[in-house]
Amino acid sequence: MDFALTDEQRMIVETTRAFVETELYPHEAEVERTGHLRMELIRELQAKAMAAGLYAANMPEEVGGAGLDTLTWLLYEKELGKANYALHWTAVARPSNILLAGTEEQKERYLYPCIRGETWDCLAMTEPGAGSDLRGMKATAREEGGDFVLNGTKHFISHADIAGFAITFMATGEEETPRGPKKRITAFFVDKGTP
């Protein structure tokens, strides 16, 4: 059995490593010193990541991504992970895979703009009393007049400041499982500024 990387995998690793070293490393001191990532810098790095074919690389080719297989994606992430998180996650965005499960209308509104770099998503899961334990969440959503009313608190949401919408996980009732009744968890796309 041959465990060597393919030529394509080596090329992706080398391209990603060169991008990190050339484009991201030079800005780490500024980000660490200020605790802020300027939007002008984000857009500049984003354009370079797109030109290098690194932007939204986790997405399938049929929706505009690079279509990396799991191993190649992990190799890519390993190289990106050598840089400051704020820099690599924002400037070389990887939209949440849950967006692929949306309806075609949801994909048009949320997925494709993320892949094109027009907006970002963020995940709102963590709660003050439950951490990342989704079944322990207290935040709920209930249907009311054809809409859903979401109530509760989420925190520690990476990129909430620049995201155009949040993928928000809420308890929407109970469901029967082989281990007994459990909270039903539903993901909602919530546009920034929604009351």
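Good morning. The structure is a predicted model, in which local features need pLDDT of at least 70 and side-chain atom pairs count only at pLDDT 80 or more, while totals for chains, interfaces and linings use all residues. Residues are numbered from 1 along each chain as its sequence is written, and side-chain values use heavy atoms, with hydrogens and water left out.

Let me begin with the overall layout. The chain holds 6 helices and 5 strands; helices (H or I, at least four residues) and strands (E, at least two) are DSSP runs, numbered from the N terminus. Read from the N terminus, the order is α-α-α-α-α-α-β-β-β-β-β. The C-alpha trace spans about 50 × 50 × 30 Å along its principal axes. Of the 195 residues in the chain, 41% are buried; buried means under 20% relative accessible area, exposed over 50%, and partly exposed in between, with a 1.4 Å probe and protein chains only. A contact means heavy atoms within 4.5 Å. Among contacts between residues at least 6 apart in sequence, 63% join residues at least 24 apart.

I turn now to the core. In soluble globular proteins, nonpolar side chains tend to be buried together. A nonpolar core is a set of buried Ala, Val, Leu, Ile, Met, Phe, Trp, Tyr and Cys residues joined through side-chain atoms within 4.5 Å. The largest one here has 38 residues, of which Leu24, Tyr76, Leu87, Val92, Leu99 and Leu111 touch the most other members. At least two residues of this core come from each of α1 (7–24), α3 (39–51), α4 (70–80), α5 (85–91), α6 (104–115) and β4 (165–177). The most is given by α6, with 5 residues.

Which residues does Tyr76 contact, leaving aside its neighbours within four places in sequence? They are Ile12, Thr16, Leu54, Ala57, Leu68, Val92 and Arg94.

Next, the packing of α1. How are α1 and α4 arranged relative to each other? Their axes lie 8 Å apart, at an angle of about 20°; axes are lines fitted to C-alpha atoms, for helices over the stretch in contact, and angles run from 0 to 180 degrees between N-to-C directions. The two helices are therefore roughly parallel, given that angles under 35 degrees count as roughly parallel, over 145 as roughly antiparallel, 65 to 115 as roughly perpendicular and the rest as oblique. On the α1 side the contact is made by Gln9, Ile12, Val13, Thr16, Arg17 and Val20, and on the α4 side by Leu71, Thr72, Leu75, Tyr76, Glu79 and Leu80. By class, these are 7 nonpolar, 3 polar and 2 charged residues; Ala, Val, Leu, Ile, Met, Phe, Trp, Tyr, Cys and Pro count as nonpolar, Asp, Glu, Lys and Arg as charged, and the others, Gly among them, as polar.

With α3, the axis of α1 comes within 12 Å and crosses at roughly 155°. These helices are therefore roughly antiparallel. Here Phe19, Glu23 and Leu24 of α1 meet Leu45, Lys48 and Ala49 of α3, a contact with 4 nonpolar, no polar and 2 charged residues.

Finally, two individual residues. Ser96, in the loop between α5 and α6, is buried, with a relative accessible area of 15%. Not counting residues up to four places away in sequence, Ser96 touches Met59, Asp121, Leu123 and Ile167. Thr194, in the segment after β5 (180–191), counts as partly exposed at 46% relative accessibility. Thank you.
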